[in-house]
Amino acid sequence: MLGFFRDIRTLSLVDSLPRFGLYSKGQLEEGNSGGIGFKRPKKEILLQHNYFFTSRYLLRARTMSVTKAVSSLDDVVVKSPNDRRLYRVIELENGLSALLIHDPDIYLDGSAADGKKTDGDQMDKDDEDGEEEEDSDGSSEDDDDEEMEGDEDEDEVKEKGDHQTKKAAAAMCVAMGSFLDPPEAQGLAHFLEHMLFMGSTEFPDENEYDSYLSKHGGSSNAYTEMEHTCYHFEVKREFLQGALKRFSQFFVAPLMKTEAMERELLAVDSEFNQALQNDACRLQQLQCHTSTKGHPLNRFAWGNKKSLSGAMENGVDLRECIVKLYKEYYHGGLMKLVVIGGEPLDLLESWVAELFGDVKNGSKIRPTLVAEGPIWEGGKLYRLEAVRDVHTLNLTWTLPPLRHAYVKKPEDYLAHLLGHEGRGSLHSFLKVKGLITSLSAGVGDDGINRSSLAYVFGMSIHLTDSGLEKIYDIIGYIYQYLKLLRDASPQEWIFKELQDIGNMDFRYAEEQAADDYAAELSGNMLAYPVEHVIYGDYVYQTWDPKMIEDLMGFFTPKNMRIDVVSKSVKSEEFQTEPWFGSRYVEEDVPLTLMETWSNPSEVDTSLHLPSKNQFIPCDFSIRAINSDADPKSQSPPKCLIDEPLMKFWYKLDETFKVPRANTYFRINLKGAYDSASIAKLETSLSMYGDKLELKVYGFNEKIPALLSKILAIAKSFMPSLDRFKVIKENMERGFRNSNMKPLNHSTYLRLQLLCKRIYDSDEKLSVLNDLSLADLNSFISVVRSQIYIEALCHGNLSEDETVNISNIFKNSLTVEPLPVKCRHGEQIMCFPLNAKLVRDVTVKNKSETNSVVELYYQIEPEEAQSTRMKAMLDLFHEIIGEPLFNQLRTKEQLGYVVECGPRLTYRVQGFCFCVQSSKYGPIHLLERVDNFIKDIEALLEQLDEESFEDYRSGMIARLLEKDPSLLSETNDLWSQIVDKRYMFDFSHKEAEELRSIEKKDVIEWYKTYFRESSRKCRRLAVRVWGCNTDMKETQTDPKSMQVIADAVAFKSTSKFYPSLC
């Protein structure tokens, strides 16, 4: 694993999941939370936040005078030689800076060359109609819940083929964040971010922006950081101008409706309640709470009902405060805009000048923050009582701000060494001793970590039970390694390796989704000179050993904060953090230890610097001969090898033309239900039922060497007793932590009922407790005796190279083929006609206030070569997603999470509605969801043909959207192989099917599967009851509901569909 981590991120108040779009696999299981800094990775598609901000005080007439940029620069941004996009930097009279990006791949046919085929002509019509329209969420920081066999339940999988279109996007970063919250109204910046979505003078309907994006294949998102706030969206290419018009009004004339503020305050509170039981969020807030009084970090940046409504109860005029915050900081001088479109740069510039010209003028001088003294008092150890069964040790050292040194990156040099995982590293040394299971190090991207006040370097270490008892010993070894680094002095060859890798990554960077790219660059405009908004993250230009030596001077015990997060904290002197209610103990580190750490007498001989990296590639030649291949003419993957032992699929990349490849292997097993990553070769290993999935991907030259090394180890591997104990302990902890999040729990319970063979976490824990090393060793020989491999090799590989990879398996694993009859295929329960099933369970975490209702409608199993049902499901979701969110979240404020979407469970189609709430119990939530479902028929009947066509064309655009990267395309192809569908043009077939679906077809489909009187209406309601609810309310359930008290007994008498994959 790469030494320095941009994954140790402090929490940002991320309104994280895209507001509208399609729901992707695994999102529900994630159970995201927000906080000070932790910017959650964007998951494409979920109904998420309506973060709105509005005020009568800001009403002002929008002038239509022609605005021009005061400066406009082309060819100033340093970009990769492989980047075909054109970049222009402009500045408006009001001080707003904008980066305009022309992407020629958005309109491959050149139809937008003069802008006449964008939605520009449509905008006037939209404006006329606008006001009449109806106002109609392994082992990481949080040890994510154990992956169940059921994650073949590909929650709204998006299959794609050779896509022809790309989306347009935009993002705005404003240089103000939670550090500027007034002390009397903490969380105000986050609340302001919510409120900007709630209508403007020109577009007063609260859901106008979201509705427009939803109808035109788009989605939006926002997050609040400590020093900036970012808003971004994506939309179908021809509707960029209309989306920009609505987006621009966030920063020109948002409304401030009292009733909207009152409702959205509840949304902020619901968001906080969702994160209340998250150990990472609790630690972040503890670090804020225990920071030096008067320091900008010493605050509660989330905001909740107590901090905001409480302010009003104390006489604070919240509207006045939020208006003041907006007026003071939301001006052109502090704004950085990025717009990505297929239109010419001149046209994009004219749009930005016109639409953002009315943003208020303001100074470019950033808000001044004052921080006297250190962030935290040295010599302290904090033990935080965890919600989950975890042991983590977190060490932080405060460094001076280093943004000015981005071309030297001295912090990355140290992170690379402290986080290294090869021989001689801290990770390897402590793992061999049985003290840790993982270690990562570096300066996080967000929050206080990379602020104008300081950089904060952190180490996050997951401990074993033994490691928890030896925390001071572990810290002692870390200071031994730091002594080693000081004695060895900075090594230029290590910097050169990082430099080579950075340049390699920059030149062959894989493209991101447009809105992610826009958001990233708008943030970078605040961090780097304009010429380095792209290159700044990659550049290692200047070797400065003295700066590294100076930086190491800050790695002292007196400048170190120690946090231990564990379920095992015991004390009679607990203190309580006031906002999360977390219990913690503050201890003084013994002075004798501090002195020993300051100057270790020796360095263990097992610790040493890493050796030179053998996996850094030198060959970047491209295998594709055709330099300008037409995507339409490209062939699907072909089956290169089909033998009893293996089936290998192969596809040469002719689209992205980068020296990368992705090799995926799914290995059926008999009787079973390191430095490479620094060189940009990644591996992952996962279990799916009785199948082992190995993925090796990155720069293609060294993939065979790495794969050979992995398989050589696998062939002879026999675990030692010490490692067996550590891994067993870690697995036991994982099983105990599973389903702690109510959203995960509800999905797990649904899958547990649907799947014929799925083992309960408690059952697995019970078996694991009795498992011995001898049991495992005897099992290994059985597992290795027969296998079957299905693989995909995709990217910059020739056919011969793919055959060579298959031979690596044959030569390394001398085993017999696993017969077809022994390859397990999962079966899914077939619900009876008119089924109205209910399953109730209380939350696993007895302090969890959130309840969840997950209402699953079973549709039909996939038919051979048929895409119509999938098209109907996706179109139905496209139409009802935004109205569901608007009704149950925005208007009724049921809870933070309100979402719906298709579910594909081992190729059996279904549709889910899901609501999580800390305010209401499952009975009320289910009633409100049922009420909405009953109203869908009227909603569909009232939908005019133009709106229906908008939804249909938006869905078609999603399906035909071009994959942004080689990895994205590989994953789409792999899903077809894993599902044994092998329809590599699935998205094109679905798009064609959509063109023939009319409104009446959707209505009839709804009546067939969702109308209660229909025999094909078959549903399962999973209700997870929060700690503040009473399950006795189930006594009021109608008699038509069939309660499943015993899942095993119910499944034993149920019918199951034949296995499809």
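Visitor: In what order do the seven strands of the open sheet stand?

Guide: This is a predicted model, and in it the order of the open sheet is E12-E13-E11-E14-E10-E16-E15, with mixed pairing.

Visitor: What makes E12 and E15 the edges of that sheet?

Guide: Strand E12 (436–443) and strand E15 (575–576) each have a single partner strand, so one side of each is left without a neighbour in the sheet. For E12, pairing with strand E13 (residues 455–463) is antiparallel and runs over seven bridges, and within this pair Ser440 stands opposite Ser460.

Visitor: Why is E14 called mostly covered?

Guide: A residue counts as buried when its relative accessible area is under 20%, and in E14 seven of its seven residues are buried. Met560, Ile562, Val564 and Ser566 point one way, while Arg561, Asp563 and Val565 point the other way, and all are buried. Helix H14 (residues 471–488) lies across several strands, among them E14, and runs at about 40° to E11.

Visitor: Why is His427 called buried?

Guide: The relative accessibility of His427 is 6%, and the limit is under 20%, so His427 counts as buried. His427 has its place in helix H12 (residues 426–432), and, leaving aside residues up to four places away in sequence, His427 touches His420, Glu421, Ile436, Thr437, Ser438 and Leu439.

Visitor: Why are helices H25 and H30 called roughly perpendicular?

Guide: The axes of helix H25 (residues 868–891) and helix H30 (residues 999–1009) come within 11 Å and cross at roughly 95°. Angles of 65 to 115 degrees count as roughly perpendicular, and H25 and H30 are therefore described in that way. Their contact is made by residues including Met869 and Phe876 of H25 and Trp1005 and Tyr1009 of H30, and the residues of this contact divide into nine nonpolar, no polar and two charged.

Visitor: What makes Glu799 and Lys638 a salt bridge?

Guide: The test asks for a side-chain nitrogen of Lys or Arg within 4 Å of a carboxyl oxygen of Asp or Glu, and for Glu799 and Lys638 the N to O distance is 2.4 Å, so the pair passes. Glu799, at 34%, is partly exposed, and Lys638, at 38%, is partly exposed as well.

Visitor: Which parts does the salt bridge of Lys1016 with Glu860 tie together?

Guide: The closest N and O atoms of Lys1016 and Glu860 are 3.5 Å apart. Lys1016 lies in the loop between H30 and strand E29 (1018–1025) and Glu860 in strand E26 (residues 851–861), so the pair ties together parts that are 156 residues apart in sequence.

Terms used. Residues numbered from 1 in each chain as written. Predicted model: local features only at pLDDT ≥ 70, side-chain atom pairs only at ≥ 80, totals over all residues. Heavy atoms only, no water. Axes fitted to C-alpha atoms, helices over the stretch in contact; angles between N-to-C directions. Helix = DSSP H or I, 4+ residues; strand = E, 2+ residues; numbered from the N terminus. Parallel < 35°, antiparallel > 145°, perpendicular 65-115°, else oblique. Contact = heavy atoms within 4.5 Å. Nonpolar A, V, L, I, M, F, W, Y, C, P; charged D, E, K, R; others polar. Buried < 20%, exposed > 50% of the residue type's maximum accessible area, 1.4 Å probe, protein only. Pairing = 2+ DSSP bridges.
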